[in-house]
Amino acid sequence: MTAPAKEPLYLDFAASTPPADEVVEAMLPWLRHAHANPHSEHFHGRRAARAIDDAREAVAALIGGQPESVVFTSGATEANNLALKGLLSATGARTHLWLADTEHKSLREPARYLSGVGVVVTPLAVLGTGLVDMSRLTEAWGAPHITPGVVAIAHGNNEIGTLQPLPELAERAHAYGHLLHVDAAQSAGRIPLDVEAMDCDLMCVSSHKLYGPGGIGALYVAPAVQGQLEPQLHGGGQEGGLRSGTVPAFLAVGFGTAAKLARQRIVQDAARQQQLATGFLAALSRHGVAVQLIGHPTQRLPGHLSLRFPGVDAEDLLARLAPALSASTGAACAAGELRSSHVLRAVSLDERTAGEVIRFTLGRSTREDDIEVAAERTAVAISRIQEHSG
Ligand code: PMP
């Protein structure tokens, strides 16, 4: 498929990022002629295995872990499933799971499944900013009947952009004997991470959220936890027995290249995207648009804007914007649902106000004039909606 000459402006980088040119270049030889099964004991196989090891090192370096702790998966959804289903069961060592109502479906749905097979699943209280309510943790975890379990949380929330205080959460979870699994699909590659210094036990990453190819991700599993994790795919025993299946070399090479690039650019990308986000808010205000930022005002993913336009129906606004720009209401994975987003309701927005929120997420290729155009188009679309309803 060739790209049309003039596409709408893409402001949905939290849903997916386009593979970087360097990533595509690095992948091509592995698609064309370097193909082999990395588990084969011959020249071609060993060459593919070395490429996968390089990629493993790059992904580990991006999150501050050791390569031996990185398990390749098909994406963050699979990694979240492996983490939760692999650690929890009704009769095993860990029978209790905590997660906030603001979590992505790839944590919520495995949790719902586990609850159906006897695991105790309890919500973690969140504040209106989307932050976990740290003052309620003692109440949640300090009761005498609570046995060590697992706490699962996204570092950066995909819909509202709020960033959780990881080292503090890890410290509190560990004080009660719980393991902390962190979904870093949105934050890895966007803000510097150090899984060891942050003391997280497990962490998942998604390649297509950091300018790598889709179809690959990873689960970091701290060495002390590896023996506690029950594999969910059984077969050839690849990935240290934790995830059977042939690792696709071309995807791993792309993911590794994206991780290296992200590590080099992370500080400058974050600063630039944050500056552009601030510029977008300023431009909206210059156009006289009333707007409320949803999520935490400062502890948030760079370049991530979850915006409520009071009195303006978000679906209507998106439809009017669609020829000019691609943004979203809620998570792409939940698109098509009639009810407003569970995340917005969890941070205390009612059905009507939750229906007035649009997510604009900026990325590496977003330019200053894109921001100006986006603000102007939004202002025009809103005034048309208001004329119609007025
Ligand atoms: N977790 C979060 C926070 C996400 O934003 C996403 C993607 N929307 C996922 C998990 C799932 O990632 P993947 O597409 O790699 O399965």
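View 1. The model is predicted: local features need pLDDT of at least 70 and side-chain atom pairs count only at pLDDT 80 or more, while totals for chains, interfaces and linings use all residues. Residues are numbered from 1 along each chain as its sequence is written, and side-chain values use heavy atoms, with hydrogens and water left out. Strands (E, at least two residues) and helices (H or I, at least four residues) are DSSP runs, numbered from the N terminus. β9 and β10 (residues 304-308) run antiparallel and are joined by 2 bridges; two strands pair if DSSP finds at least two bridges between them.

**View 2. An open sheet of 3 strands has the order β9-β10-β12, with antiparallel pairing.** β9 (292-293) and β12 (357-361) each have a single partner strand and stand at the edges, so one side of each is left without a neighbour in the sheet. Helix α8 (residues 249-286) lies across β10 and β12, and runs at about 25 degrees to β10. Such angles run from 0 to 180 degrees between N-to-C directions, with axes fitted to C-alpha atoms, for helices over the stretch in contact; contact means heavy atoms within 4.5 Å.

**View 3. An open sheet of 7 strands has the order β2-β8-β7-β6-β5-β3-β4, with mixed pairing.** Its edge strands, β2 (70-73) and β4 (120-124), each pair on one side only. On average, neighbouring strands of this sheet are turned by 20 degrees against each other, direction ignored. Strands β7 (residues 202-206) and β8 (residues 217-221) run antiparallel and are joined by 5 bridges. In β8, Leu219 stands opposite Cys204. Helix α6 (residues 166-175) packs on the sheet and touches β5 (150-154), β6 (179-183) and β7. The direction of α6 makes about 150 degrees with that of β6.

**View 4. Thr77, Asp183, Ser206, His208 and Lys209 come nearest among the 13 residues around the ligand.**

**View 5. An oxygen atom of the ligand is 2.7 Å from an N or O atom in the side chain of Ser206.** In the side chain of His104, an N or O atom is 3.1 Å from a nitrogen atom of the ligand. A polar backbone atom of Ala76 is 2.9 Å from an oxygen atom of the ligand. The protein covers 89% of the 390 Å² of accessible area that the ligand has on its own, as given by the Shrake-Rupley method with a 1.4 Å probe.

How values were computed:
A residue is near a molecule or strand if one of its heavy atoms lies within 4 Å of it. A polar contact is a pair of N or O atoms within 3.5 Å; within protein, one must be able to donate a hydrogen and the other to accept it, and residues adjacent in sequence count only if both atoms are side-chain atoms.
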